[in-house]
Amino acid sequence: MSTAGSTVIPGLRKGVRLVHDPVRNQAALVYPEGVLMLNDSAAAVLRHCDGRRGARAITARLRDEYDGVDGEQVGALLADLAERRLLALDGTGAPARPVAAAGPSGTAVRTPAPLGLIAELTYRCPLQCLYCSNPVELSRHRDELQTEHWLRILDQARELGVLQVHLTGGEPLLRRDLTVLVDRARRLGLYTNLVTSGIPLAAGRAAELADAGLDHVQLSLQDADAGRADAVAGFSAHERKLTAARRFTGAGLPLTVNAVLHRGNLARLGDLADQAVALGADRVELAHTQYYGWAWRNRAHLAPNGEQVRQAERDVAAARERHIGRAEIVLVAADHHTGAVKPCMNGWGERQLVVAPDGDVLPCLAAAQLPALPVPSAVTEDLAAIWHDSPAFNRFRGTAWMPEPCRGCALREVDHGGCRCQAFQFTGDPAATDPACPLSPHHHLVTDPIPAAGSGPAPRRFR
């Protein structure tokens with residue numbers, strides 16, 4: 001099928017929205033795990049993608065409105081967005097009607113302006129996963145913001161430029177005001193992504209959240225084998241998760257199934273992908289464990305070896321072949337084995353911020369552990385002042401803080417120096433070169449065999 005031909009009928013894929021952001025005076029495509037800012041030409045093309053017109057008709061309409069429209073360039077744009085799984089070209093897509101987000105307009109934007117807010121609504125959770133990224137000292141985080149605090153944070157986030165909110169925890173379904181928060185976010189024009197175990201999902205609540213404007217659900221699975229999954233969760237959770245998945249898709253909500261990969265479930269990675277697609281997932285995210293919080297304590301039980309990582313890559317490739325055209329299957333690499341560091345949070349203080357259940361505001365989920373990092377609070381301070389001016393967000397922003405070899409590296413604007421929390425956990429210095437980088441003098445710390453306590457690995461520490 002040629003993207004320049006009339007048989008191409010573009011429309012937005014399920015779970016994708018076109019918004020106009022008055023803060024930046026710019027259009028954007030917002031989707032389950034990201035935001036794509038659009039230039040004026042791309043926005044003009046998308047406004048004509050209604051799921052009914054063919055590519056030639058769209059080009060003709062554009063030529064009525066603008067001079068010098070190139071049909072080949074229009075086709076190339078449509079093909080690129082389809083490759084990114086943002087557009088469907090077969091007439092099944094929805095009209096790309098721009099939704100106006102709330103916020104100030106006509107004022108100069110102070111950069112960088114964040115695109116995403118990770119709202120950790122609670123650390124309460126029915127699961128006891130070995131790899132949980134929540135703080136280990138949970139007793140210090142019992143306080144939770146009231147509804148009015150979260151509503152104010154959503155308002156301030158939108159004024160700051162945020163276009164997407166990830167509602168997470170712990171288990172966000174344990175918040176009785178979740179529907180209220182989704183409704184406010186939707187009224188502000190924010191894209192809402194619910195990250196959940198699905199365990200507390202009562203009958204009818206998925207439809208309630210969908211009616212309030214929830215855009216997308218990310219549901220976790222621990223394993224394809226129910227017994228092994230329940231062993232990781234700490235109780236009989238697997239079947240309840242499958243029921244929750246069906247309730248979400250039954251309410252018409254786009255679904256991502258997320259599985260954290262580790263030594264114990266990598267052998268069933270292909271089965272995990274198959275099960276997720278069978279549940280109706282539009283997207284499957286298979287993510288190697290990130291060693292923060294409880295996962296750091298349990299690293300000896302979770303870390304795979306190099307051959308397991310390479311086999312996982314082969315299994316994902318096979319799963320993509322099996323499910324081509326049905327679902328997107330994403331593999332989040334094991335950076336300890338790939339030789340490339342992860343661009344954590346797309347740069348410290350560049351695109352996203354995190355608000356903890358008690359109102360602490362952080363540049364990333366694990367940053368509270370870093371020494372001498374003063375943690376600001378959304379209860380007492382304005383979100384914009386925190387984002388732009390606080391020492392916490394400016395400590396590792398940009399590249400001036402980088403030591404060698406990072407400072408002279410051609411990738412410093414791509415990987416942003418890697419992960420500061422990982423550098424701290426392995427070396428004790430958050431400014432050190434990420435040990436996952438082969439050029440790091442500490443690279444051996446991620447490649448050496450994991451030391452065991454006594455004659456065997458340390459006991460498992462459940463959340």
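Me: What makes the space of about 480 Å³ a pocket and not a cavity?
Reply: In this predicted model, about 480 Å³ of space lies in the second largest pocket. A cavity is a set of points where the probe fits but cannot get out, while a pocket is an open set with protein on both sides, so the word "pocket" says that this space is open.

Me: How do you know which residues line the second largest pocket?
Reply: Lining residues have an atom within 4 Å of a pocket point. By that test there are 22 of them, and P135, V136, H141, A368 and Q369 lie nearest the centre. Helix α10, residues 293-297, gives the most to this lining, with three residues.

Me: What makes up the lining of the second largest pocket by class?
Reply: Its lining has 11 nonpolar residues, together with six polar and five charged ones.

Me: How many helices and strands does the protein have, and why is it called as compact as a globular protein of its length?
Reply: Its secondary structure comes to 18 helices and 15 strands.

Me: What makes a residue count as buried, and how many do?
Reply: Buried means under 20% relative accessible area. Of the 463 residues, 54% count as buried.

How values were computed:
Residues numbered from 1 in each chain as written. Predicted model: local features only at pLDDT ≥ 70, side-chain atom pairs only at ≥ 80, totals over all residues. Heavy atoms only, no water. 1 Å grid on protein atoms, 1.4 Å probe; cavity = no way out; pocket = protein on both sides within 12 Å on 5 of 7 lines; lining within 4 Å. Points joined across faces, edges and corners; volume = space filled by probe spheres on them. Helix = DSSP H or I, 4+ residues; strand = E, 2+ residues; numbered from the N terminus. Nonpolar A, V, L, I, M, F, W, Y, C, P; charged D, E, K, R; others polar. Buried < 20%, exposed > 50% of the residue type's maximum accessible area, 1.4 Å probe, protein only.
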